[in-house]
Amino acid sequence: MLVLGIESSCDETGIALYEMGENGRGALLGHALHSQIAMHREYGGVVPELASRDHIRRVVPLLRQALVDSGKSLADVDAVAYTQGPGLAGALLVGAAFAEGLATALGKPTVPLHHLEGHLLSPLLSASPPSFPFIALLVSGGHTQIMRVSGVGHYELLGETLDDAAGEAFDKTAKLLGLGYPGGPALAQLAASGRPEAVTFPRPMLHSGDLDFSFSGLKTAVLTHVRGKELDEQTRADVARAVQDAIVDVLVAKAMAAIKKTGMKQLVVAGGVGANRELRQRLNAKAVKARVQVYYPELEFCTDNGAMIALAGALRLAAGNPAKPAGAIAIKPRWPLADLTGQPDSPPA
C-alpha cells in the first residue's frame with residue numbers, strides 16, 4: 001500500500017510517499033519540502049495570503065521531486081492523505097483541493113488527517129521508533145499538550161496549555177528582543193551566550209498539581225522586564241537564557257510528572273519546539289534517572305512535513321480506518337485534537 005502525503009497547514013509545503021507492507025512494516029520512499037521562512041522573514045511572521053499563494057506554486061514541483069526520489073509513479077499510489085486541519089484556512093484549502101482533485105483523477109480514495117496526529121506519530125519514522133503505548137509531549141508554535149497514545153487513533157489528553165503555547169512564548173519573546181523570524185531558533189541561539197540566573201522569570205503552573213500549562217504570564221513578565229529599556233547584547237542573551245530556562249523547566253517537569261502518573265516508560269517529544277537542544281538535554285538527563293526512554297523525530301521531521309502525513313495516513317489505513325471517496329473538500333482550520341476520539345479510548349484490542 002503506497003500512500004501519498006500532502007502537508008500545507010501553514011508555512012511549509014510537504015509531499016511524501018510512504019509504503020506499508022503486508023507485514024505491517026513501512027518505509028518512507030521519498031519526501032520533498034519547501035519552507036517559506038525566507039519569504040515571511042521580511043514581515044516578521046507568517047502572512048496567510050502569501051503562504052497560500054506559495055503553496056500553489058510549490059505543490060506540483062514538490063510532487064514531481066518526491067516521485068522521482070521514490071522511484072514511483074502516480075499510478076502506483078493507493079491513497080492520498082492530506083492535512084485537513086487545524087491551520088490557516090487558505091493554506092489548508094490549497095492542500096485539500098489538490099489532494100482531492102488528484103485522487104479523483106487517479107480514482108483513488110483520500111485520508112483527511114489532523115495535523116497534530118502527524119506530529120504525534122512522527123517519531124515512528126525513526127530507525128528506532130517507540131512502540132505503543134507511550135506518553136507524548138507535543139510542543140509547537142500553537143500547541144502544548146501531553147497525550148497518552150495507546151495506538152493509532154487512540155489518544156487521551158492528559159494536559160494542555162490554558163492560554164499561550166510554549167512555542168508562542170518563544171516567538172513573542174524573540175520579537176520583544178528584536179530577533180528575526182522564526183523566533184524560537186533565534187532565541188535559542190542567543191540564549192547559548194546568556195548567563196545562568198542573571199535574570200529570573202516565573203515558572204507558570206510548575207507546582208499546580210496537574211499536567212496543564214500556562215505561558216501567558218511568562219510572556220507578560222518578559223514584556224514588563226524589557227519595556228522602555230535599552231538592552232545591550234549580553235543583557236538580551238541573559239533574558240533569552242532566562243526565558244528558555246523557564247519554559248524548559250516547566251516542560252520537563254510536566255512531562256516527567258505524566259510519566260510518573262501513568263507508569264509509562266516511553267516518552268515521545270514531537271513538534272517544532274522538540275528540536276530545542278536545551279529541552280532535549282534536560283529531558284534526556286531526567287529520563288536516565290527515571291529509566292525512561294525518550295524518542296524524538298529526526299530534526300528534519302520536527303517541523304511540518306509531508307512525511308508525517310503520509311505515515312499517519314498509512315497507519316490509519318493499516319489499522320482498519322476507512323478512506324473516503326475522493327471529491328468532497330472540507331477543511332477544519334480549528335480542530336481540537338480531542339475531537340479525534342471524543343472521550344479517552346481504551347487501548348486497541
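This is a predicted model: local features need pLDDT of at least 70, side-chain atom pairs count only at pLDDT 80 or more; totals for chains, interfaces and linings use all residues.
Residues are numbered from 1 along each chain as its sequence is written. Local features need pLDDT of at least 70 and side-chain atom pairs pLDDT 80 or more, whereas totals for chains, interfaces and linings use all residues, and side-chain values use heavy atoms, without hydrogens and water.

**Pocket and cavity**

- The second largest pocket has a volume of about 380 Å³ (the space filled by probe spheres set on grid points joined across faces, edges and corners).
- Of its 19 lining residues, Tyr-18, Met-20, Gly-24, Leu-124 and Leu-315 are the closest to the centre of the second largest pocket.
- On a 1 Å grid over the protein atoms alone, a pocket is an open set of points with protein on both sides within 12 Å along at least five of seven lines, a cavity is a set where a 1.4 Å probe fits but cannot get out, and lining residues have an atom within 4 Å of a point.
- Strand E2 (12–20), strand E3 (26–35) and helix H10 (306–318) each supply at least two residues of the lining of this second largest pocket (helices, H or I of at least four residues, and strands, E of at least two, are DSSP runs numbered from the N terminus).
- The largest cavity holds about 30 Å³ of space, and is lined by Ile-6, Glu-7, Ser-8, Thr-13, His-55, Val-59, Val-94 and Gly-95.

**Contact of H2 with H3**

- H2 and H3 make their contact (heavy atoms within 4.5 Å) through Ser-52, His-55, Ile-56, Val-59, Val-60 and Leu-63 of H2 and Gly-90, Ala-91, Val-94, Phe-98 and Leu-102 of H3.
- The residues of this contact of H2 with H3 divide into 8 nonpolar, 3 polar and no charged.

**Backbone**

- The peptide bond from Gly-85 to Pro-86 is cis, with omega near -10°, and Pro-86 lies in the loop between strand E4 (79–85) and H3.
- The peptide bond from Phe-132 to Pro-133 is also cis, with omega near -5°, and Pro-133 sits in the loop between helix H4 (115–121) and strand E6 (134–139).
- Met-205, although not a glycine, has a positive phi of about 60°.

**Confidence**

- The mean pLDDT of the chain (the predictor's confidence in each residue, from 0 to 100) is 93, and 97% of its residues reach 70 or more.
- Over residues 342–349, pLDDT stays under 50.

Note on methods: Ala, Val, Leu, Ile, Met, Phe, Trp, Tyr, Cys and Pro count as nonpolar, Asp, Glu, Lys and Arg as charged, and the others, Gly among them, as polar.
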